[in-house]
Amino acid sequence: MDLPRDARAWPVDRPVAWVGRQEETAVLDTAVDALTRGEGTVLWVEGEPGIGKSALIAAGADTAREAGYDVLWGMADQLSQRFPLRAICDCLQVRTNSPDPRRAEIATFLRDRRPGLLAGDEIVYAAAEMLVSLVDELCTASPTVIVLDDLHWTDEASLMVWHRLTLAAEQLPLLLIGASRPGPRQQELQKIRASVRRRGGTVLTLGALDDTEVDALITSMIEAPGQEVSQLAAQAMGNPLYLRELVDAMNRGMIAGVPASFAAALGDRLSLVPEATVEVLRAAAMLGGRFSVSHLAVVLDRPVSELTSGLQDAMAAGILTGADSYLAFRHPLIRQALYDTTPAALRSALHLEAAQALLAAGVEPMGVAQQLLAAEEPGGGWARGWLVEAAPVLAARAPDIAAELLQRELDQVVSHDDEGQTLAIELARVLLGMGRHEEAATRARQALTVTADPDGRAELYWVLARALFSAGHNDEGVTTVERALGQPDVPGAWRARLLAALAMFQRAVVGDLDAADATAHQALKVGEQAGDTFAASYALSHLWLSHSVQRDHLGALSYLDRALTVLSDGPDHANLRSFVFDARIFTLQNLARWPEAEETLHEAQELAHLNDPGRATSSLSAAVLLYWLGSWDDALAELSSVEQDVSTVTYAGRLDRGPLLIWRGAASLIAGRRNDRATAAEQLQAGLAIPVLTVSDQENLDFLLAAQALAAEQDGDPQQAVSILSAVLQRRPGEMTLTHQWLPELVRLALSVDDHATAGAALEACQAEAAVETQPARAAAASNRCRGLFHGDPAPLREAVAHYQELGPKVDLASALEDLAVVLAGKGENAEARDVLDQAMCLYGCVNAAWDIHRAERRLRALGVRRGVRGPRVQRAAHGWGSLTPTELKVAGLVVEGNSTPSIAKDMYLSRRTVQTHISRIITKLGVRSRVEIARVALSQGSAT
């Protein structure tokens, strides 16, 4: 369809006459002007329907476009609000046929990617990261304005992306605008609104026009205002859209005098076009507030050429407006009026017809699903056949919609026929992926009673077992797997997967490592025979875990390397591969092979950038590694990138407890050691509020326990600190927790309160861990520290120090030096104690560990030793160029070169969110407001790279 040129920009109603809103317009102009300086801004525009939100935004968008900036405008509606990423993809023009390969890649990713066996929402999360990266690249190329209208109808995943963009706007030439009105989802929207304010954004609340402004608007529309003017003003109550519609209707002579209502005035617009056009508009209303002309032609089974004249008439009448290759209703109430005047039964039939027509035309599954969902009744045989085929795509993009449609169709079929069995299996699988474990278990049980197909039954047993275990019904989960394995016709691939699951259960539920290992080896053999990549790597992952529990880290590493070989470098099973990389980093740390651990982290990040954009290896794994290496600022940057996922907006509202425990614990521990008591307390309080329900939770609790013990010591209660940290001694059968890394601290604390029993227990536990290490490494070094402290013997402490000096990590080296200084001072060797103390202080100073410095000085002062007058007293500046860490300096150099955040992330083997955190900190430390100013400061330092 050939649209008027000025109708292609964005779907809004821009008034001919503009009155009032001077202050709001000034704010918008200032935000647009800031783009020229490379400064980004977030604006939140709110107000009742018709108050002028879109018109105000359009005025600013026009200014931005005239300045040569890119403007992208999206809008949501009721029909699309349950389709994840629909609003933001439409806004960013992400389509498979886009001439921009970046946009086409994202659209293809969403269309083609299928969820893995252990997948939850990783496809939506990955696509969200790709979308944020796209915006970053667009802004790097040119200042950009992004408008997302009708946030109250926006799908949850798009809101998540919009919120992430608010975090990026301070670093980019990005004017991010959201518009909302009172209505649905207010609690969620208010959280985002509050976040916008906290981060320096602006909230514009549009109220009613005052009497003077109302008079001015009426005068601009009526040549000779008469007695009806005051009545019009009273009816409109200061709402400019209402007022304009009422005046326009009156000017058209709709009825004698003043129109009876706003709805009547809007409805009268339909009388301006022929009845045939009204019927076309009714069909368009079925497609939503914004629709494709080609889709409308498909639904009406008419060529576009036949629709052109009527649609242009509707645009001329002010019913429709143009937007890119789409049309939109000028106001949602017009579309709603057309929709509501169609009888409900007829609407349902029309939606079903539309779904079938769109399917026949090859429209992507989400478009068909939108019509089926709106029909609110089963679609019949054709719909069931399509749904079975499309379920994997829907499960990846919109799992709750997939579940609803599957349930709707399943209720209409005979559950024991082939069609019913297939639907039941798909529904159970979708529910498991959504984390609705109890429902998944119920559906799987029901389906098992009627499913005869061996593959189907095996998969249902798998789903049931996973759901039961995830819901905490561990014993029942084991029984379910054993029952499944007792079936004689279980296909080889499923037998391998079930065996691998049983091995995991045996380890976590029973703690029987021998039985779990035997089962895992059987799973590996069967999986390799069946050629099942997932089953084999799943079994190998268990064998890694089991050998790690037994502290055979070399054996554990060999299983991980085999798993990576089996998984190769392709996109399949990305979540399992990410787990294996995390595990490898963990194991290399325990082998004290720290450089290799860093190399593995880099390799994982590189593969993530190549094969699964948006899904990098865990930022938590990186943060833990960096913590021990003494790169605390970088560790905090990684932890801050995790925080972006959990602050204010989260997709599907689901977060795993284990990662949250690590995040809160590590963040609190670093803050506490830096004597930032307020931040440490905040993170600690949040962490302690997380329930510890499973073995996995318990295994992720250690950082939080260490942070809690530190807080107790800082509060002057070392006895309580001993009691808290002693929990690491209670390792249950089959539990992974690495107690050795905390036991030297427990020995120190216990000895400080003369609790020799606990100190002895900690020493014994650490020696036991060291004894089972197949290659002496971290546990052996920790055991030497414990032994030296407990017996006051400097020799084993010297061995520990030598180990850390040769192999690392720096954090353990600093603590071992402090302990050695204390033991030396206790033996009267004050001169050497002072030299050793100075070495510890230097390391503590490099990470700004203010509390450790205070504690070490206090311990040594009590023994008559003070720091040397020439001892290093490292303290990095808090602000300015000298305050930047080495990583921040490198990031700043890449910013100066004009690199986008995704490009920097790829070059530095970091996630985009971590780089974003680094840039945010650089901006704060330098006291600047944009990347442009970072470059200016860098050049003034002569430090640009």
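Helices here are DSSP runs of H or I with at least four residues, strands are E runs of at least two, and both are numbered from the N terminus.

**Ground rules**

I'm working on a predicted model, where local features need pLDDT of at least 70, side-chain atom pairs count only at pLDDT 80 or more, and totals for chains, interfaces and linings use all residues. Residues are numbered from 1 along each chain as its sequence is written, and side-chain values use heavy atoms, with hydrogens and water left out.

**Entry: cavities**

Points are joined across faces, edges and corners, and volume means the space filled by probe spheres set on them.

I got seven cavities of 30 Å³ or more. I noted which helices give at least two lining residues each: α30 (619–629), α32 (657–673), α35 (702–714), α37 (743–752), α41 (810–826) and α43 (850–861).

Next I sorted residues by class: Ala, Val, Leu, Ile, Met, Phe, Trp, Tyr, Cys and Pro are nonpolar, Asp, Glu, Lys and Arg charged, and the others, Gly among them, polar. The lining of the largest cavity comes out as eleven nonpolar, two polar and eight charged.

**Entry: second largest pocket**

A pocket is an open set with protein on both sides within 12 Å along at least five of seven lines. I read a volume of about 1000 Å³ for the second largest pocket. It is lined by 37 residues, with Asp90, Arg95, His295, Tyr326 and Glu364 nearest its centre. Helix α17 gives the most to this lining, five residues. My class tally for this pocket is 17 nonpolar, twelve polar and eight charged.

Strands pair if DSSP finds at least two bridges between them. I found an open sheet with parallel pairing in the order β2-β3-β4-β1-β5. β2 (70–75) and β5 (202–205) are the edge strands, each pairing on one side only.

I then checked β3 (residues 144–149) and β4 (residues 174–180), which run parallel and are joined by five bridges. Ile146 has Leu176 in β4 as its bridge partner. Helix α5 (residues 122–141) packs on the sheet and touches β2, β3 and β4, where contact means heavy atoms within 4.5 Å. The direction of α5 makes about 140° with that of β3; axes are lines fitted to C-alpha atoms, for helices over the stretch in contact, and angles run from 0 to 180 degrees between N-to-C directions.

Key: 1 Å grid on protein atoms, 1.4 Å probe; cavity = no way out; pocket = protein on both sides within 12 Å on 5 of 7 lines; lining within 4 Å.
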